[in-house]
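Subject: Structure for you to look at

Hi,

Here is the structure I promised to hand over. Please open it first, then read my notes below.

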Amino acid sequence: MKIVVIGAGAVGGVIAAYLSRDKYDVELVCKHKENVEAILNNGLRVQGLKGDVIAYPLAVLDVSQISERPDIVFLATKAHDVEEVTRALIPYLHEDTMVVPLQNGICEDKVANIVGRSRTVGCVVEWGSTLTGPGRMEVTSDGRFIIGELNNTNTHRLILLKSVLDRIFPVVVTDNIYGALYSKLIVNSCITTLGAITGLNLGDMLKMTAAREIFLKTFSEAVSVTRAAGIRLEKIGDRLNPYDIELNHDEKKSKLSLSLLKKNIIIILMGLKYRKLKSSSLQSLERGRSTEVDSLNGHIVDMAKQLHVPVPMNLRLISMVKDIENDKRKSDPDNLYQIV
């Protein structure tokens, strides 16, 4: 089986390293020359919860350098690069190649519009890792993959894909992949964007009352949008029902209630479990690159406009992240109090 991973960041690098270690034929496409050189000279190095791994996949700079047509392509680029990379892939795919987007946003439809729905498989990544240097990653939180066909059917190729990804983390096959994707999108619109705004890891951030207040408001706006769109959200991490932490009408006005306290406790526990998780958008800012806020909160805002659902907190977060991207402010916990 030929596997190509496009993107040598926190997720793509971990996937390429573990599959290479298990003797899969893996090629890793990295658009940054320093990453290619580091991997070819020193290997992919992964540390963290699953132990230390050093692997030596073939690393190349461009899709055009792939040695043969792959059976599986894992798209681990940033969301804003997905369409360009997917178009470049077309000449190098065979009829049955599976193309698996791994982004934080909803990129499955964009990919399917280019390579076809018959080639596209939905995937949610529920574990965390951090890029610590060229060719170096740290796995910071345990978790699982969720995979599913875009038409919500079960197919033999999902069994094959599951057997591959099970080598890295446990895999769940779902018949509601969009529900799982939107649950992940909503969570990331809170934690990934707030991480970029505060400059904090998840554990430190969610200890702050102001962060939890913004989290709940942002989360509740997004759930309202998906409800208006007729999307049934799936549980997060197989335990957390997103509807259980959506603010009701009274909670939006009150800061003191037993139900609101319970929701704050749920978020604090989430912060404890994933305390070392570092926002991918914060990692991008630290490397002088743009964030994925347009594919996260921006996606929610675009849907909200079509469905006439108010989302003022999501709009405020987008504005603040854009200020940070444009060097008008810095990532700092004090930003939270300006929003509140």
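V121 has its bridge partner in β11: E149. V121 belongs to an edge strand, β8 (121–125). Strand β11 covers residues 145–149, and β8 and β11 pair in the antiparallel sense over 5 bridges. Two strands count as paired if DSSP finds at least two bridges between them. Strands (E, at least two residues) and helices (H or I, at least four) are DSSP runs, numbered from the N terminus.

A word on the source: this is a predicted model, where local features need pLDDT of at least 70 and side-chain atom pairs count only at pLDDT 80 or more, while totals for chains, interfaces and linings use all residues. Residues are numbered from 1 along each chain as its sequence is written, and side-chain values use heavy atoms, with hydrogens and water left out.

Back to the sheet. It is open, with 3 strands in the order β8-β11-β12 and mixed pairing. The other edge strand is β12 (171–173); each edge strand pairs on one side only. The twist averages 20° from one strand to the next.

Helix α6 (residues 177–198) lies across β8 and β11, at about 35° to β8. Axes here are lines fitted to C-alpha atoms, for helices over the stretch in contact, and angles run from 0 to 180 degrees between N-to-C directions. Contact means heavy atoms within 4.5 Å.

T198 is in helix α6. Is T198 buried or exposed? T198 counts as buried because its relative accessibility is 1%. (Buried is under 20% relative accessible area, exposed over 50%, partly exposed in between, with a 1.4 Å probe and protein chains only.) Leaving out residues up to four places away in sequence, T198 touches M205, S331, D332, P333 and L336.

Last, the cysteines. How many disulfides are there in the whole structure? A search finds 0. A disulfide needs two cysteine sulfur atoms within 2.5 Å. The closest cysteine sulfur to that of C107 is in C123, 12 Å away, so it is too far for a bond. C107 is buried, at 1% relative accessible area. C123 also counts as buried, at 1% relative accessibility.

Best wishes
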